[in-house]
Amino acid sequence: MIIGFVQTTGGTGKSTLALNTAFSKAAARHHDSIALVELDHQGTLRSWWEEREEMGYGSGKVSFHHISSTQKEVFQEGIKAITQHNDLIIMDIPGEGTGRLHTRFACAFCDVAVIPMRQSTNDENAFLDNLYPIIKDIVLAVPEKRGRFYVLPVFTHPLASQKKIHAYFKEVLPPHVTCLKAVYPARAVYENFNRRGLNLNEYAAVVASNRKYRQQVEKAVEDVETIAKTLIDIGRKKDDHAQGK
Ligand SMILES: Nc1ncnc2c1ncn2[C@@H]1O[C@H](COP(=O)(O)OP(=O)(O)O)[C@@H](O)[C@H]1O
Ligand SMILES: [Mg+2]
């Protein structure tokens with residue numbers, strides 16, 4: 001199963017979501033080997049992974065891969081090799097501005113493509129201008145890919161009504177794009193957590209003795225688990241459907 005986080009504008013939490021989904025309990029529960037794949041040439045995750053290795057953290061079922069070539073063949077071979085050795089693949093996919101080919105191929109490969117989007121006309125317009133034309137092309141060329149594109153509302157107010165947020169996106173999203181039944185709230189804990197190569201669960205363990213931090217990070221862990229579970233359930237349903245179950 002391939003789950004991709006796809007960028008429309010920078011800084012919407014894509015890399016953070018990708019790494020924490022790969023290390024989520026929901027992913028580990030259903031998958032034996034998990035590949036976190038970064039296509040973004042900025043290399044945010046590669047630096048983060050190098051820090052993990054320097055610190056000697058074990059990564060369990062999760063392996064890391066960085067593909068920077070935008071050559072179609074290199075990309076396809078790379079993904080093929082990773083799919084042969086892993087049953088869950090989480091991709092961090094750049095937007096049009098940074099890697100035109102990556103975005104197109106990677107979106108076409110995904111079983112579930114997640115577009116993290118703030119509730120802002122800026123993000124909505126960037127999506128409609130940059131990413132939506134690619135989605136339309138893919139759906140037109142391969143009709144089975146319909147229903148694979150999901151917007152995840154991000155940096156929502158932690159106390160905001162999810163129902164209202166979902167109703168809002170339902171209104172503004174074009175055909176073939178659904179709003180995911182989850183949100184990714186803004187939380188202050190992210191200012192500190194991804195330092196020194198940690199993932200969110202490891203950070204939670206580090207701050208466990210500090211009551212204030214612990215409560216904050218627990219909420220963030222819950223957010224990510226809900227998102228990961230929602231995505232993995234969608235992927236599993238699609239798998240079952242494809243296998244005629
Ligand atoms: N839920 C969140 N709440 C607040 N800040 C967040 C959250 N998730 C990520 N961030 C912060 O937002 C910034 C951008 O996140 P990042 O994952 O690098 O986005 P992208 O990969 O889309 O550019 C980072 O500084 C990150 O720590
Ligand atoms: Mg990023």
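Reply:

**Around ligand 1**

The shell around ligand 1 holds 14 residues, and the closest of them are Gly11, Ser15, Thr16, Tyr184 and Pro185; a residue belongs here if one of its heavy atoms lies within 4 Å of the molecule. Please keep in mind that this is a predicted model, in which local features need pLDDT of at least 70 and side-chain atom pairs count only at pLDDT 80 or more, while totals for chains, interfaces and linings use all residues. Residues are numbered from 1 along each chain as its sequence is written, chains are lettered from A and ligands numbered from 1 in the order in which they are written, and side-chain values use heavy atoms, with hydrogens and water left out.

Let us begin with the polar contacts. Such a contact is a pair of N or O atoms within 3.5 Å; within protein, one must be able to donate a hydrogen and the other to accept it, and residues adjacent in sequence count only if both atoms are side-chain atoms. Tyr184 places a polar side-chain atom 2.6 Å from a nitrogen atom of ligand 1. Pro185 has a backbone N or O atom 2.8 Å from a nitrogen atom of the ligand, and a polar backbone atom of Thr12 is 3.0 Å from an oxygen atom of ligand 1. Taken alone, ligand 1 exposes 560 Å², and the protein buries 74% of that (Shrake-Rupley areas with a 1.4 Å probe; for residues, only the protein chains shown count as cover).

Which elements build the shell? Helix H1 (14-22) and strand S8 (184-185) each supply at least two of its residues, and H1 gives the largest share, 3 residues. Helices (H or I, at least four residues) and strands (E, at least two) are DSSP runs, numbered from the N terminus. By class, the shell has 5 nonpolar, 7 polar and 2 charged residues; here Ala, Val, Leu, Ile, Met, Phe, Trp, Tyr, Cys and Pro count as nonpolar, Asp, Glu, Lys and Arg as charged, and the others, Gly among them, as polar.

H1 itself is mostly covered, with 9 of its 9 residues buried, including Ser15 and Thr16. Buried means under 20% relative accessible area, exposed over 50%, and partly exposed in between (1.4 Å probe, protein chains only).

Tyr184 leads on to the aromatic rings. Ring pairs link Tyr184 with Phe155, Tyr190, Phe193 and Tyr203 into a cluster. Rings of Phe, Tyr and Trp (its six-membered ring) pair if their centres lie within 6.5 Å; planes under 30 degrees apart count as stacked, over 60 as edge-to-face and the rest as tilted. Phe155 has a positive phi of about 55° although it is not a glycine, and counts as partly exposed because its relative accessibility is 35%.

The structure holds 12 aromatic pairs. One of them is edge-to-face: Phe23 and Trp48, 6.1 Å centre to centre with 80° between the planes. This pair links distant parts of the chain, 25 residues apart, with Phe23 in the loop between H1 and helix H2 (25-30) and Trp48 in helix H3 (residues 44-55). Phe23 counts as buried because its relative accessibility is 13%, and Trp48 does so at 5%.
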